[in-house]
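Please look at the sequence and the model before reading on.

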Amino acid sequence: MALLEVKDLRTSFFTDAGEVKAVDGISFNLDHGKVLGIVGESGSGKSVTAYSIMQILAPTGRIVGGSVKLEGQELVGADESTLRHMRGNKISIIFQDPMTSLNPTYTVGHQLMEAIMLHTKRNRRQARERALEMLRLVNVNDPEKRMKQYPYEHSGGMRQRIMIAMALACEPDILIADEPTTALDVTIQAQILELMQDLQKKLGMAIIMITHDLGVVAQMCDEIIVMYAGGICERGTADAIFYHPHHEYTKGLLRSIPRDENNGQRLQPITGTPIDLLNMPKGCPFAPRCDHAMKICLTERPEEMRMNDEQISRCWMNVKDGIDAGNITVERSASHV
Amino acid sequence: MSENKTLLEVRNLKQYFDINMGFFRSKPLKAVDDVSFSIRKGETLGLVGESGCGKTTVGRSILHLYKPTGGHVIYDGQEISSKESLREFRRKATMVFQDPYSSLNPRMTVSDIVAEPLDVHKLYKTRKEREDRVLELMGYVGLNSEHASRYAHEFSGGQRQRIGIARALAVNPEFIVCDEPVSALDVSIQAQVINMFDDLQDKLGLTYLFIAHDLLVVRHISDRIAVMYLGKMVELADAEEIYKHPLHPYSQSLLSAVPMPDPKTARANKRIVLTGDIPSPLNAPSGCPFRTRCRYARRECAESMPSFEQVAAGHYVACHRVKEIN
Ligand SMILES: Nc1ncnc2c1ncn2[C@@H]1O[C@H](COP(=O)(O)OP(=O)(O)OP(=O)(O)O)[C@@H](O)[C@H]1O
Ligand SMILES: Nc1ncnc2c1ncn2[C@@H]1O[C@H](COP(=O)(O)OP(=O)(O)O)[C@@H](O)[C@H]1O
Ligand code: SF4
Ligand code: SF4
Ligand SMILES: [Mg+2]
Ligand SMILES: [Mg+2]
């Protein structure tokens, strides 16, 4: 049994303009100790996927279908006490901007200790010990002094370390990191990514790394999900996604960023404009921007197709022959990567 | 491609801001401190460094959006000093900003936004001429007449960036400071805008100072790259040269820290991870600004600021120990 099993998860926001299907049927498994990356452009549903797993959606948002199982236990529709136990003890989340989750009016030490006491049976003295231990773990120097300071007295990189300390204090099995380094400079980003890799090895937790930066996933992840318009385009090992992409959107992304491969050459952008979730096309959501779109792409949304042991894809290109012959038989993948 | 003629020369540029420390005391913040470089006609010079190191300030001081505290800006052989030289310069040099969301007035139509510099500089005689010019400018950046009467807020980030660029082109500039022009855009849109900068350079012979923190984007677009740290320029060389053989310890760690979008390279990459944070420019260290984080720092590094010297053809570095450590 996988640590986390997400099946056909659907989350919508009900706005004045209509239903926004922010996450539209995504499935994946996550095993102990693995690092899973989720990449995709702005608005593709990366954060909403994370918030749905944690069930911390905005009031207008609701999970409208599918299932999220943690160690076999269903979280969708679970009672508040199950969810509270899950958040903090089993799954922790850190955000792009640590200031959104640190309270500016309390000292760092106070907030760390409160979080520890809320989720574990430690008393004040033990919580203090644990807080100091965690700050040392994330390489905060002079932790005694840092404990007495307020969040604004710390730099962005330092605040992100403190957030990580807080998220890890209760030894979660899964850490969800939503763009944890996007707001940081590259040398500070390198520090934080290295810290996360170290901690992951030391503590053996699984990580879901959400980012729009293909470099960050290449460096950090065992497996990668590429998202577009609320759905998965492709899911596979890092090497499979980068070296043998099987979806036109993934291929387009790799052609559009400057890399060693295209150094000195003209970039090949993905044409067209980003998706508007209120006006979703009928077939493949990427079809309006896809250079290889076929007739079927305009009418039918591709199902998950297993490419090999390492990869699934949702792109009609993979069954081109079948389509040309006019009879499309697509097997739903039985297991997940 | 760049010619050999120097278009812009910046000599010992200084931009200090007085920061109020309370109790009627103030302290100078040396946002840019003694920076010198030149840009050739038709060239793209990339300017990189971490946030707050002074990149934007260099761009703004060159254009005299701030009056420089010290130093010289020489454009096309003429020093920008008098009011006239500045007025002349402003017609040839302009700036494109990072944030396509806030740099455009949401209540103006696209054609009014693009035409504003034409109005300011009175660059047309008849309404028809104005209209034609606006359409021509929009054409340069891939927008069409349908877009002209719409409002900026109706456009996506990439389209707004295009509007900003069309506007910058209105004065027929020769030189453009591009301040993080693609940083706010999604990768798929970034590539469209980067290509457009390339095309416009070819078509109109433009010269760019291209500021960005994405080092892969900068490498792609630049002929040469300059690296800044805490208000100083620490290295300047050809783009490929600095990529393959960075000589300054800061550039070395900065480049090694870039996450490469290729799993095998990323796994094999030996990152030089710096400890500590960037010091505040209000309390910059004595001597070499990088010494508090430099693994090669020695006593001499605290004592004097290393000079910015040419160590190989066209390769400039400011480090006391550059010869020993490389
Ligand atoms: N509270 C909300 N109300 C309505 N729509 C929302 C809300 N939150 C998110 N959405 C919509 O859901 C979609 C997915 O959003 P999400 O935040 O998951 O994107 P993302 O992939 O994380 O993007 P980014 O890279 O910009 O963080 C978007 O279209 C967004 O506008
Ligand atoms: N108008 C200003 N007044 C005071 N300080 C400023 C001003 N503009 C910039 N600074 C300071 O100068 C330094 C360099 O800023 P900037 O050039 O914007 O950096 P970058 O563009 O490299 O991120 C920073 O410490 C910044 O806070
Ligand atoms: S399914 Fe069709 S439109 Fe969608 S990515 Fe594949 S080829 Fe393109
Ligand atoms: S001058 Fe000294 S401190 Fe500065 S970069 Fe060189 S070795 Fe390091
Ligand atoms: Mg997000
Ligand atoms: Mg700036």
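By class, seven nonpolar, five polar and two charged residues make up the shell around ligand 2; here Ala, Val, Leu, Ile, Met, Phe, Trp, Tyr, Cys and Pro count as nonpolar, Asp, Glu, Lys and Arg as charged, and the others, Gly among them, as polar. This is a predicted model, in which local features need pLDDT of at least 70 and side-chain atom pairs count only at pLDDT 80 or more, while totals for chains, interfaces and linings use all residues. Residues are numbered from 1 along each chain as its sequence is written, chains are lettered from A and ligands numbered from 1 in the order in which they are written, and side-chain values use heavy atoms, with hydrogens and water left out.

**Exercise 1. Describe the surroundings of ligand 2.**

Step 1. A residue is near a molecule if one of its heavy atoms lies within 4 Å of it. Ligand 2 is surrounded by 14 residues, of which B:Gly52, B:Gly54, B:Lys55, B:Thr56 and B:Thr57 are the closest.

Step 2. Next come the polar contacts (pairs of N or O atoms within 3.5 Å; within protein, one must be able to donate a hydrogen and the other to accept it, and residues adjacent in sequence count only if both atoms are side-chain atoms). For B:Thr56, a polar side-chain atom is 2.6 Å from an oxygen atom of the ligand.

Step 3. Ligand 2 taken alone exposes 560 Å², and the protein buries 68% of that; accessible areas come from the Shrake-Rupley method with a 1.4 Å probe, and for residues only the protein chains shown count as cover.

Step 4. Helices (H or I, at least four residues) and strands (E, at least two) are DSSP runs, numbered from the N terminus. In chain B, strand S1 (6-22), strand S2 (25-40) and helix H1 (55-62) each supply at least two residues of the shell. H1(B) gives the most, with three residues.

**Exercise 2. How many aromatic pairs does the structure hold over all chains?**

Step 1. Rings of Phe, Tyr and Trp (its six-membered ring) pair if their centres lie within 6.5 Å; planes under 30 degrees apart count as stacked, over 60 as edge-to-face and the rest as tilted. Over all chains there are 14 such pairs.

Step 2. One of them joins A:Tyr249 and A:Phe286, edge-to-face, at 5.1 Å centre to centre with 65° between the planes. This pair links distant parts of the chain, 37 residues apart: A:Tyr249 is in helix H10 (residues 248-256) of chain A, and A:Phe286 is in the loop between H10 and strand S11 (305-308) of chain A. A:Tyr249 counts as buried at 0% relative accessibility, and A:Phe286 at 4%.

Step 3. Another edge-to-face pair is B:Phe197 with B:Phe210, at 5.8 Å centre to centre and 90° between the planes. The two residues are 13 apart, B:Phe197 in helix H7 (residues 187-204) and B:Phe210 in strand S8 (residues 207-211) of chain B.

**Exercise 3. Which residues come nearest to ligand 3?**

Step 1. Among the 13 residues around ligand 3, the nearest are A:Cys284, A:Cys290, A:Cys297, A:Cys315 and A:Trp316.

Step 2. By class, this shell divides into 10 nonpolar, two polar and one charged.

Terms used:
Buried < 20%, exposed > 50% of the residue type's maximum accessible area, 1.4 Å probe, protein only.
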